[in-house]
Amino acid sequence: MMSGQVQLRAEEVVRALAAAAAAVRLYPPTSEIPAQTVQRFVQVSEAVTLAARGPVRFVVEPKAFKLGDQIVAEGQAQVTGLAEMLYAHQVGQLIVAPGLTADETNAFLRCAGSDASAVREEGGLRAVIVQAGVSQLAVIEVTLRASTDEGLAGLDLTSAPLDAIGPAVLRSAASWARSAASGEGRDEIGEVINGLESAARELAAERVAAALLQLDEATRAAVLAAAIRPDAGGRVMEGALSVIANMRPATLARLMTLAAARTGGDAGSIMSKLELGPEAMRALELLLRPSPRTEAESGVPPVIDASAIASDAVAETEDDDEAMAMVLATRDPAGEAVRALATTMCILDRGATAESIESVGEAMPRAVAAGAFPLVRTALAQLDILTDRPELQDAVERARRASAQPEALLEGLLALSDAPKARDAAAVAAAAGVVGAEAVVEAWLLSSEAKRPLLVEIGRAMPEQFIAATGRRIRAGDPVEVRELAGMLGRLGDRRSVSVLSLALDHQAREVRLAAIAALETIDAEESWAAIISALTHPDETTARAALETIRRTGRRRAVPAMLAVLQLRTSGTRNHDLKREIIEDVRTMGATEAIPVLKRIASNRLTFRRKPRELRDAARRAVTDLQAAEQADGEKVR
Amino acid sequence: MSDSDTGPDRLETPEEMAAATSAASRSPFSSAKRLARAKELVRAIAVAATNAALYPATHPSVAQSMDDLVAAVGGVIELGFEDVTVNIYKATLFVEDHVLPEESTTYGKLVDDLLARGISAITFSEDFARNDAEAFVALMGTDGVKDITTALSFLDQRGATNVAVAETTTLADEDRGEANKETRDKARKQYETGVTAMRDVETQVKLGKVFEIGPLQSLVNGLLETLFRDPAAVLGLTAIKSHDDYTLNHSINVCILSLSLGTTLGLDEESLKSLGLSALLYDLGKVRIPEDILNKEGPLTADEWQIVKSHAAEGADLLKRIQLMDQMPMIVAYEHHQRHDLKGYPDIGEPQEQHLFSKVVALCDAYDAMTTSRPFRREIRPDKALAVLMQGRGKAYDPSITKGFVAMLGIYPMGAVVKLSDASTAVVFRVNRDDLLCPRVKVLIDAEGRWADEPAILDLRIIDRGTGSHSITISECIPAADAGIDDVWEYL
C-alpha cells in the first residue's frame, strides 16, 4: 500500500523520466541539459523506491501512466509523449527499482527512443534493454504470458492475477514433491524468478507470496511442506522457499507451525531450511518460542466474561460521578506545586547532591505561592541540616534564596487560612528575611480585616524585620497606605515600632498623624507616651488636639510639662487658642498645680483685645483660682 | 443530531470530544431512561405506520398514534438533541448511532416498509408537530411511493417541514475516506518521529547529558492536534508494537492512550499537554536500570526487584529540573507505581492520593505493557488485559478511571484481532460506543485461511431478523501474531 505522499512522489518519477526522454531527444549530446534531467530522474527514483521500500510499478496506457488505479501526471504533454513511445514498444508496465544509475537510464532512453519495429526485430524492448545492461528499469510487454510455456513458466508473475499464480505455484510445489521423491527435483518457481531481470524479480517474488496468501491455509501449508521435502541430492525447493522466506514474520511463523503440524516435524527445523536475515530470524524465534511466563502467572483470569465487563464499564452511578469529581480535583495547580516540592524532598532524602538541593529550591516558590508553608518550613529545615556539609553550602544557599521570592510569598500569605499555618508562614517569612517581612506588610495592605490578625501574628514572630519593612513603607507610601500601616503597628503593640510611628507623626497628611497617635496609644510604653506628648506641639492644631485627647483619655499627669510647653508657645503665628484653652481646662481638671506659674503668666496678659486670646486669659485666670484653691486645701490637709 | 455534519469522528475540540465520550454522555442513550425514549420513538413510528395501513386517516387510532409520535419525538428531543434520526443500516434499526437489536426484529415490517419506499433514514427536527406527523403517517399509509424522490415530494406536497427522509444513512461509512487516510499516515509519521525523539532522549540521559524537551512537546502537540481531528487515527497507533524498541514504542503508546483518556475525562488542552509529556517520560528512570534485569526472562531476585522498583524515584530524579508550566512529569514518574490503594512504591511518608495524571498513566502503562510481547511473557489479548484492569479496580487502579478507560477502548479495542462466529479472522477498526461487544471489523482472513484482497467491513451490531440476534459475533479475541498478522495498524 502506497501512502499519499509516496504516490505524489511517484508522479514525479514519471514526470522526471518524461523530461529526461524529451531532453535526450531534443538536445544535442554536447548539451548539459540531458545529463541534468537524467540525474534528476535518478535522484527522484531513488527517493521514491526508498520510501516505497522496493520497486515502483507503473501501468503504461496508450497515452498515460497509471499507478494502481490512478492516472498520474494526467494531461502533461511530455508524459503523454513518453507513454506513447513506450506503448509503441508494446510496453504494458514500467518498473523502477532501487539502485538505478544514470548510465542505465541513458541506455534505457536510447533503446526506448529507437524505432519500435527495429527494436521488435531485436526481440522487443525488454530484451534490448537487458542486453544494454539495464537492470533496475524493467518493462513488461503487453501480455499476461511470459512465454508460450504452460503453468508457472507461462505466467508473467509481475502482472498475472494472483488467483492465477496461486494454483500454478501449488502445481509447481506438487511437481517438486513428485520429482524429488523419484530423484532430482525440479524447482520451477526458482527457475522462473531467477530468469527475470533483477528489477522484476523482487516484484515477482512479492506477488507469488501474495498469491500464496490467497490460497487456503491447508494448501499454503502443503506448498511449504512440499518445498522442504529434499530430493535425492538433498536439495530443497529453494525458489519456493525464497519466496516464503520473504513473508512477514507472523505470517511465516503461522505457516511454519501449520506445515510442521502437517509433516509431523517442528517449526524450528523448517526455519533452518529458510534463508533468513538475522532480523527475521530473531523475530521468528520470538514468535515461535513458548511464553516463559503463563497468563495465569501474569494474573490473567482463566475465563473472562466480556458481557459482564462491558455492562460494568458503561453502568453509570451517582457514586461514579462523585468519585470522578474527586479524582479530577487532584488536577489543581496549588496541590501540584505542593506535590512537586514533596517529591523533590523525597529525592533529596535519597541522596543530597547540589542538583537535588537546587530542585528543592526550584519547587519551593510554587509551593510557597500555594500557601504550603508547613511543607516549605520542613524543606527549609531539611536544607538547614545540610549546611554542615561544605560542598553543599552554596547549593543550600541558592535553594534558600529561591524560597524567598516576593510574589510567591505574597500569594501564599494572601491564601493563609488558619493560625497553625500562620506560624509556619512566619518561620518561612522570617527565613526569607527582608523579602519575607516586606511580603507580610504587602499582604496586610491587601488583606481583608478578617485575615489581618493572622498577618499580625506573623509580624509578631519577626518583629524587627517586620517593623523595619513597615518603616520603609511608611517613608515611601501614600497617605492611605501609611495610615493603614500605622494601624497595623498599633495592633502589633511592639515598643520597637514607636520610632516608626514617630515618623508617621511627622507625615504631611493629617490622617496619617492621627492614625499614628491612635496606634501609639495602644502601645504600652514610655516611648509611645513621649511620642504622643511630642505631638502636642505639632503645628497642626487638630493633630495636637488629638494628642491632647489621647492624654485626656489616659489622664496622665506626666503630660503636664508638655502641655505647659504648648501653653507657653508664642501664639502670634499660630491659631491654637482653642487648643491652649482646652489644655488649661485639662490641667485645671487634673489639679496640676505645677501649672500655676505658666497659667498666671497667661492670666496676667493685659494687652488682649481679640476675643480668643481674651477667652484664653479668662480661662487661665479661672484655672489659677481653682488650682490655688486646691493647693491651699491640700496644704491645710497636710497641716 | 447536532454533530451529524461533522460525523462521529470529526470532533473539533477537546470539550466536544469530552462531551461526546465522557461518562455521562458516552452514548446519548447510555442510560436505561434515555434508551427507553429511543425505543419509544421507534415504537411510535411503527404503531403510526401500522395504524395508517389498517385504518382510514380519520380513525381515532390513527389520530392517537400521530399524537403519540409527536410526543415520542419530543421525548427524545428533550434529551438535548436539535433533531433526531432513525437509521436503517443493513436492515437493522438505529436511533442516531445507537443500535436497537430487539426493535429491529419486532418492527421488521416497519423496516421493510421504509426500505420499500427507498427510505433508510428519517430525521425529525425539534419543531416536529402534528401536521408533520400527518404527512409522515400518510406516506407510510400509501403504497404508491417506491423511491426516495417520490417520498420526498410526497412530504413536501403535504407541507411537512420538520421531518426529512433520506436514501442512505450516515452509518454506512464503510471505510475511511482519502482525507482520513492522510490523517492516518500523518499520525503514523508523528509516531515514528516520536520514536526517534524518545531515542534521542534515552541516549542523552544514558550519556548523562541534559535532553531537550522541545521535540517532545512538539510531539505531544502534534498528537493532540491529530487526536482532535481524528481520534481513531491516533488511538489506532497504539496497535503498533515493537519487541526491539519496546521502551520507546511503549512510552508513545502510553502517551496516546493517556491523551485519549484525558480527553474523555474532559481535561482542557493545557492539562492534556502536561499529561502527554508526563506520559512520555514517566518511565525514564528505567534507563538507569540494567537492561539484563529489565529483560530477565525468569523471576527477579529480591535485590533485582529492589533495583527495578527504584526506577520510579530515578525517573523523578532525572526529571526534577524540568520546569515547565508545572512539574507533572517528575510527579508522575514518582507516583505511577504507588497504586490507587497506595500499597505500591516508592514509599511516601504521608499518604496522599495519587494524582489524576499518575492514575491515568498507571492504567495506560499496564494496558499497553500487557498487550505487548515481552521477553518474559507473550502478549496478553486486549480483552483479557482489560479484564485484569477491571479486576484491579479499587486496588491498583482507580475504579472510575478504569471504567472510563474500558468504555473508551471497548472490550475489543481498535487493532484487536478477533475470530468471528463464522470462523473468519478480523481486525477491529472502530469501536461502537453503544455496544462495546459489537465493534466494526475488517475481515482479513476467511474461515479456510485465505487472505482477502480487499477486507470486507462488518458492523457486528447488525441483527439477523430471522433469528433476532446478531448476524455474526466475536467468538474470541486472539493475539495478532497467532493469526499470522504482523502489523495490525495497516488495516485500521
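**View 1. Two helices of chain A cross, α24(A) over residues 452-461 and α26(A) over residues 479-492.** Their axes come within 10 Å and cross at roughly 70°; such axes are lines fitted to C-alpha atoms, for helices over the stretch in contact, with angles running from 0 to 180 degrees between N-to-C directions. So α24(A) and α26(A) are roughly perpendicular to each other, given that angles under 35 degrees count as roughly parallel, over 145 as roughly antiparallel, 65 to 115 as roughly perpendicular and the rest as oblique. On α24(A) the touching residues are A:V456, A:G459 and A:R460, and on α26(A) they are A:M488, A:R491 and A:L492. Being in contact means that the C-beta atoms, placed from the backbone, lie within 7 Å. By class, that makes three nonpolar, one polar and two charged, where Ala, Val, Leu, Ile, Met, Phe, Trp, Tyr, Cys and Pro count as nonpolar, Asp, Glu, Lys and Arg as charged, and the others, Gly among them, as polar.

A quick word on what you're looking at: this is a predicted model, in which local features need pLDDT of at least 70 and side-chain atom pairs count only at pLDDT 80 or more, while totals for chains, interfaces and linings use all residues. Residues are numbered from 1 along each chain as its sequence is written, and chains are lettered from A and ligands numbered from 1 in the order in which they are written. Helices (H or I, at least four residues) and strands (E, at least two) are DSSP runs, numbered from the N terminus.

**View 2. Here's another helix pair in chain A, α18(A) (354-369) and α19(A) (373-386).** The two pack at an angle of about 155°, with their axes 10 Å apart, and are therefore roughly antiparallel to each other. This time the crossing is left-handed. From α18(A) come A:I357, A:V360, A:M364, A:A367 and A:V368, and they meet A:L375, A:V376, A:A379, A:L383 and A:L386 of α19(A). The contact has ten nonpolar residues, no polar ones and no charged ones.

**View 3. Domain 1 of chain A touches domain 2 of chain A.** Domain 1 covers 4-141 and domain 2 covers 151-288, with bounds that come from an automatic or database domain assignment. Their C-alpha centres lie 32 Å apart. Domain 1 puts in 13 residues and domain 2 puts in nine. On the domain 1 side, β4 (91-96) and β5 (137-141) each supply at least two residues. That side has seven nonpolar, five polar and one charged residues. While you're there, look for A:Q90 in the loop between α3 (77-88) and β4 of chain A. This residue has a positive phi of about 60°, although it is not a glycine.

**View 4. Five strands of chain B make an open sheet.** The order is β3-β2-β1-β4-β5, and the pairing is antiparallel; strands pair if DSSP finds at least two bridges between them. At the edges sit β3 (98-99) and β5 (163-166), each pairing on one side only. Four bridges link β4 (121-125) with β5(B), and B:T123 has B:A164 as its bridge partner.

**View 5. A hairpin in chain B is built from β8(B) and β9(B).** Five bridges join β8 (440-445) to β9(B), and the two run antiparallel. Across the pair, B:V443 stands opposite B:A456. Five residues lie between the strands, and B:G449 in the turn has a positive phi of about 95°.

**View 6. A cis peptide bond runs from B:Y345 to B:P346.** Its omega is near -5°. You'll find B:P346 in the loop between α16 and α17 of chain B. For comparison, most peptide bonds are trans.

Definitions and conventions:
Two residues are in contact if their C-beta atoms, placed from the backbone, lie within 7 Å. A crossing is left-handed if the near helix is turned anticlockwise from the far one by less than a right angle, and right-handed if clockwise.
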